[in-house]
Amino acid sequence: MSAPGLPMTVPAAGLPARVRIHEVGARDGLQNEKATVPTEVKAEFIQRLAAAGLTTVEATSFVHPKWVPQLADAEDLYPRLAGLGVDLPVLVPNERGLDRARELGATRIAVFGSATETFAQRNLNRSVAESLAMFEPVVARAKADGMHVRGYLSMCFGDPWEGAVPVPQVVRVAKALLDLGCDELSLGDTIGVATPGHVAGLLGELNATGVPTDRIGVHFHDTYGQALANTLAALQHGVTTVDASAGGLGGCPYAKSATGNLATEDLVWMLDGLGVETGVDLAALTATSVWMADRLGRPSPSRTVRALSHKE
Ligand code: HMG
Ligand code: MG
């Protein structure tokens, strides 16, 4: 039997016992919002996400404020999160960003590269090689300081300007990010075009070139409704770190065709049903997304949030 508001648990073979959700709602979810979200609302959002059981909550980005105006309040926001007791990674593109994050005591950063030249130029104003050169001292200094470093890789499955992205091209940049010293890699389907066979194929190629699955996380946007299917394919491959955004918030300001990330509630519904542990309280998480949707003035795109908050 299932409790109200929860799926019936029926385990399936070949899946991990536990998944770590890397919650990106406050960063990837909000970075594209046109209207400025007040800093106190962002802080309460993150506090509520932590209270709902999410242990990794990406907080903000220390990027140029002109490039992502929504996150220009990083210096104001980050100190408000002290004492939450969860990991609060932040995006850092360069040494200037690292200095800003370190000043505030951040211990987990993420650099963000691209598998394609066009997106590297649009997102970082650099070629792929130039962006890797920009990350090199960032990762070296962060590691020397004992920080945890995530390496995001965007456009792993398709690019709005270049179309299909060859798997060897993705593998080459993925390995370059890990060679810089990144602890983990997050494979981004920035525009949500991946399908499950493609996901399994890329993971297999990464393994074949010496990248172990336990250093890989997956980051699916849900533009074509494939994010959950792609996640299941990754779990079947042994991946245990999955990025998701509360309420399905999101989009990328420098890739217009990208919509929100995989909704955390949709992910938790599936994992609860499969008996895969996440530590997340689905009711508390859904209440948080409904609260955030009220602040943003439009309903959450998450199917699970809509179903669980539907009133007769
Ligand atoms: P640039 O214009 O080439 O910067 O931008 P620059 O290095 O030439 O420096 C120009 C000025 O900016 C200098 O100031 C710097 O100090 C300042 P000036 O000397 O002229 O007074 N500056 C900074 N100020 C504050 N913080 C900084 C910083 N850096 C330089 N960190 C830059 C290059 C990388 C800065 C810019 O392109 C940028 O900020 N890009 C960020 C784009 C972004 O955040 N995109 C969204 C995140 S990625 C994503 O969403 C994908 C992901 O979700 C995965 C997926 O879905 O695929 C992760
Ligand atoms: Mg993203």
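Met-155 lies in the loop between strand E6 and helix H7 (167-180). Helices (H or I, at least four residues) and strands (E, at least two) are DSSP runs here, numbered from the N terminus. Met-155 has a positive phi of about 60° although it is not a glycine. Is Met-155 buried or exposed? With a relative accessible area of 0%, Met-155 is buried. Buried means under 20% relative accessible area, exposed over 50%, and partly exposed in between, with a 1.4 Å probe and protein chains only.

Before going on, a word on what you are looking at. This is a predicted model, in which local features need pLDDT of at least 70 and side-chain atom pairs count only at pLDDT 80 or more, while totals for chains, interfaces and linings use all residues. Residues are numbered from 1 along each chain as its sequence is written, chains are lettered from A and ligands numbered from 1 in the order in which they are written, and side-chain values use heavy atoms, with hydrogens and water left out.

Asn-125 is in the loop between H5 and H6. Asn-125 is partly exposed, because its relative accessible area is 47%.

Now the metal. Which residues are the protein donors of the magnesium ion, ligand 2? They are Asp-28 through OD, His-219 through NE2 and His-221 through NE2, lying 2.1 to 2.3 Å from the ion. Donors are N, O and S atoms within 2.8 Å of the metal (3.2 Å for Na, K and Ca); water is not among the atoms, so sites may look incomplete. Along the sequence, the spacing of the donor residues is D-x190-H-x1-H. Distant parts of the chain are linked here: Asp-28 is in helix H1 (residues 25-29) and His-219 in strand E8 (residues 216-220), 191 residues apart. Both Asp-28 and His-219 are buried.

Next, ligand 1. There are 27 residues around ligand 1, and His-64, Asn-94, Asn-123, Ser-154 and Thr-190 come nearest; a residue is near a molecule if one of its heavy atoms lies within 4 Å of it.

A polar side-chain atom of Arg-126 lies 2.8 Å from an oxygen atom of ligand 1. On the backbone side, an N or O atom of Phe-62 lies 3.0 Å from a nitrogen atom of the ligand, and one of Gly-97 lies 3.4 Å from a nitrogen atom of the ligand. Taken alone, ligand 1 exposes 1,100 Å², and the protein buries 75% of that; these areas come from the Shrake-Rupley method with a 1.4 Å probe.

Which elements give two or more residues to the shell around ligand 1? They are H1, helix H4 (95-103), helix H5 (117-124) and strand E6 (148-154). The largest share, 3 residues, comes from H4.

Thr-286 is found in helix H11 (residues 282-296) and counts as buried because its relative accessibility is 5%. The side chain of Thr-286 reaches the backbone oxygen of Leu-282 at 2.8 Å. Leu-132 is found in helix H6 (residues 128-144), and its 16% relative accessibility is why Leu-132 counts as buried. From Leu-132 to Gly-25 there are 107 residues in sequence and 26 Å in space, C-alpha to C-alpha.

Methods
A polar contact is a pair of N or O atoms within 3.5 Å; within protein, one must be able to donate a hydrogen and the other to accept it, and residues adjacent in sequence count only if both atoms are side-chain atoms.
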